[in-house]
Amino acid sequence: MAMNVSVKSLVIKLALFAFAMLGFSYAMVPIYKSACDAGWLDATRVDLSNPYANVNRNVDTSNTQVDKSRWITVEFVASTNEKMPWNFEAQQKSVRIHPGEMTNVVYDVVNTTDRETVGVAVPSYGPALAVQYFKKVECFCFTKQVMAPHEHRGMPVVFVVTPDLPKDVNTITLSYTFFEVKS
Amino acid sequence: MMSNLIKKIGGGLALAMYSMLAQAEYAINFPKPVTVIAGQIYDLHMITMWIIVGIAVVVYGAMFYSILKHRKSVGHKAANFHHNTMIEIVWTTIPLLILIGMAYPATKSVLAMRDSSNPDMTVKITGYQWKWEYDYQQEGFKFMSVLSTPRDQFELKGTAAKNENYLLEVDNPMVVPVGKKVRILLTANDVIHAWWVPTFGIKQDAIPGFIKDSWFKADKAGTYRGQCAELCGKDHGYMPIVVEVKEQADYDKWVAEQKSKSAAATQDTNKVYELAELKSIGEKVYATNCAGCHQAKGEGMAPVFPALDGSKMVKGPKQAQIDIVMNGKAGTAMSAFGKQLSDTDVAAVITYTRNAWGNHTGEAIQPSEIKASRK
Amino acid sequence: MEAVHDHGHEHHPSGIMRWVTTTNHKDIGTLYLFFSLIMFFFAGSLAMGIRAELFQPGLQFMQPNTFNQLTTMHGLIMVFGAIMPAFVGFANWQVPLMIGAPDMALPRLNNWSFWLLPMAAILLVGSFFVPGGAAAGGWTMYPPLFIQGGLSGDMTIFAVHILGISSILGSINIITTIMNMRAPGMTYMKMPLFVWTWFITAFLLVAVMPVLAGAVTMLLTDRHFDTHFFNAAGGGDPVMFQHIFWFFGHPEVYIMILPAFGIVSSIIPTFARKPLFGYASMVYATASIAILSFIVWAHHMYSVGMPTAAQLYFMYATMLIAVPTGVKVFNWIATMWEGSMTFETPMLFAIAFVALFTIGGFTGIVLAVVPVDIQLQDTYYVVAHFHYVLVSGSLFAIFAGAYYWLPKWTGHMYNETLGKWHFWLSMIGFNILFFPQHFLGLAGMPRRIPDYALQFADFNMISSIGGFMFGATQLLFVIVVIKCVRGGTKATAQVWEGADTLEWTIPSPAPYHTFATPPVIK
């Protein structure tokens, strides 16, 4: 009959369930990130537990087949968020390359203030799926960059677009946004 | 007396109905599409609506028939059935089949609208509180696009007659060539915005730190209007989007103009202006960029937006004011105008605030001083 | 078992202390219902401010920021202060009566969960008076915008925490009551549908309110303690908030509609004098809707730019919800079919519920289709859609339930004439208010804007007129309730000819203590 479940144990179970769901809301942070990395929810971001997952200084490009039959355009976009007082621009707005070809581009950064400023750059890709085919050998993103007052600096990015890039993609955009952070 | 009132109200309503019918283009549906995608959306919506109308006729028909016939007041006796497995299976399965039928064309459209490959050109669009920036990266120029409806038309207690395109007009529209696939890269400077032009069937959120790509290909020259579609703060309702679709030749002409304009702006930096000249440029810049918060007469809106009239900051040393205008103020709504305005505009607007209302510093700030602060 | 009996039977304090210390489910139900009525009028007056501002193009009464405060607080207070507590009030009154239990399983907890609400209400209402005014970032609290707000943002977050705790405690109590306190013979599949819908709703609440609490806590720590959950610079993502919020938010939508289904499923059989059609399929449909609600959340965010596959998945899953929802509507109509119907006020509201909620369901299907939603997302079409679901859905069901059970609660019949006036004016006002908003959305008017382009002027004016009419009409309801509490024709125990659940076997008004000895279920 109805009375055979102990009230106390039921209440405890329900309360535990509520706490578990609170835990789950925090667990959604890593779950969301892995879902993004798997390309399910949003692929414009990178794996943050390992931001250099696609940055590998030892990429052996001699083995990578350069697909000479195909041209792709890679565009470079630079933004600064909110009140970030840096001038930030790519030296080249775009390059035409073959998939598999190692490419080097430089972003110019200027701190326009009289104070030392710290920034972090966040990368993003368009179209979103490009993240899976964009391998960086050298990158300045996700590391705190400290700029002295009025310092000018060139920040390089070295990358390869892998030849398995889907055939209908012929333009890729690499975007960096610099955020000001506390030092 | 009562019946008189009813007559009046009825008459008024009838008149209102008539005037609605009279306005032939009165909108009760999506605006006329000018892209293939918007056309597909229009058709999908119509198909869905007709299916719904069909289901509604059956559902409401049964319901109202029952309400009319199966009532106690007409002497209907209640039956006592309470389930029928056959009919329950039928009315679970049929909707399922209808939905599958609807999902098919919808899926095709989704695949088409998400295909941003093979663009003819790319424009980067950045949402700011509360304006849009269009960056024609390949052509090498960019500009801000700000609401151009005069403030006295929309301000509280504003009495001026409203323009035809009230709140849907900007100073510098985005311009694109007709029949070309335009890829847009959206991002935002501060909070989330959304770029939406209904006639193009495109709406994409702009998210700070990330770029999202989308595209459109307008098939007909003309001027098309839209608005920001994600709540982005105080002036969310005042950041319209205007896209002018031009013939290729006209577009090329426009690009050339923009290029020479941006070249001129660079040279302009070395020019030395008179105080009066700077004030008159500054007044316009102020109206577009500052009056929304600091108000037309510099009185501000306490406690969030400080007054500029009589302000210690504005009447004090100029370097401090240049810094705050260029780089914004952390923790407040004051944005960094250094990346939004040209050297001349920044110089002019600072000069204006230092010499308007009750402020009489008599100082003229030159564009070269602003340029120097960018190093 | 002790929990059942340990409330003070013999003497309860009188006056204000009776209400502060009460552990009686009927008293607490009444408190919940009056609290939600007060909040309904407060949030409703905010809506009147919104409609007044939108009556004509141009700013008439308030600055844009004030307007944003009104829309934000209207949403938050209506959802958490009016609709949800009203349903909890119904649960407190009716669940024990319908399952033949003497009280809720945890009476003292019941008292606490109610008295948390006024504290949250003070925080929310009080936030209008702090520097900078109330939260203005929308009831959805999306960062980074919400993080820009002032002190009122923190007050809102704390209020949401308190409301969340209250809901969780209330739900634990309801689940425990239903699982432990049913009268002998009251098997699960004999429970009235209202009890079933609340049983499922309570599980939804326990599952998702902690998720909301987690999301707003992350907002709070992002604001003050330098965490970076939603800040891209620290490796976070503002879009993640939307995912977490809507993982709560979509079940929340059903939390606000499932008890309404339960009320309507009690009322229609009574006035059709015919058993509910497809009881078992109603239970299964409710459960399927609840389960599906966990896997469709991202349909609120098609325009953020998810991968195509994700958009397609969320579209299919969302469309699927139409199936069990359709089953419910068909069942209600089949219940009416071949009945012997009369049309007292509860039945009128219940029929209006079925008719108008169905419109909200139809527009829901339109919005499920990704390409169409891309056009309609964040427009007045969405505003119209969810008001058809929450006003002519949830609110009309609340009115229907109030008229249905008022005679049982007060011992007096309400004034049928005034009740009918309330219904017809609400029905007409509501449709004038919200139907034109579909057209506004299709024509391209974004939501949450204080001023609009001239082509939207006519429909906005019509909508505002409907709004004022609908708003003023609700005062009638207060008059009906006050009159009914004070006196009126004596109600019989049975009250309604066709009613057959347990609460109609006890006298009207329901005695302070009922079912001290469990009833026998046939």
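Is Arg153(A) buried, partly exposed or exposed? Arg153(A) counts as partly exposed, at 26% relative accessibility; buried means under 20% relative accessible area, exposed over 50%, and partly exposed in between (1.4 Å probe, protein chains only).

This is a predicted model, in which local features need pLDDT of at least 70 and side-chain atom pairs count only at pLDDT 80 or more, while totals for chains, interfaces and linings use all residues. Residues are numbered from 1 along each chain as its sequence is written, chains are lettered from A and ligands numbered from 1 in the order in which they are written, and side-chain values use heavy atoms, without hydrogens and water.

Over all chains, the whole structure holds 18 salt bridges, each a side-chain nitrogen of Lys or Arg within 4 Å of a carboxyl oxygen of Asp or Glu. Three of them are listed here.

| Salt bridge | N to O distance |
|---|---|
| Glu151(A) and Arg153(A) | 3.0 Å |
| Glu89(A) and Lys93(A) | 3.4 Å |
| Lys259(B) and Glu139(B) | 3.5 Å |

Lys259(B) lies in helix α5 (residues 248-268) of chain B, and Glu139(B) in the loop between β2 (131-136) and β3 (141-145) of chain B, so the pair ties together parts that are 120 residues apart in sequence. Helices (H or I, at least four residues) and strands (E, at least two) are DSSP runs, numbered from the N terminus. Lys259(B) is partly exposed at 38% relative accessibility, and Glu139(B) is partly exposed at 29%.

Salt bridges also link Glu75(A), Arg183(B) and Asp213(B) in a network.
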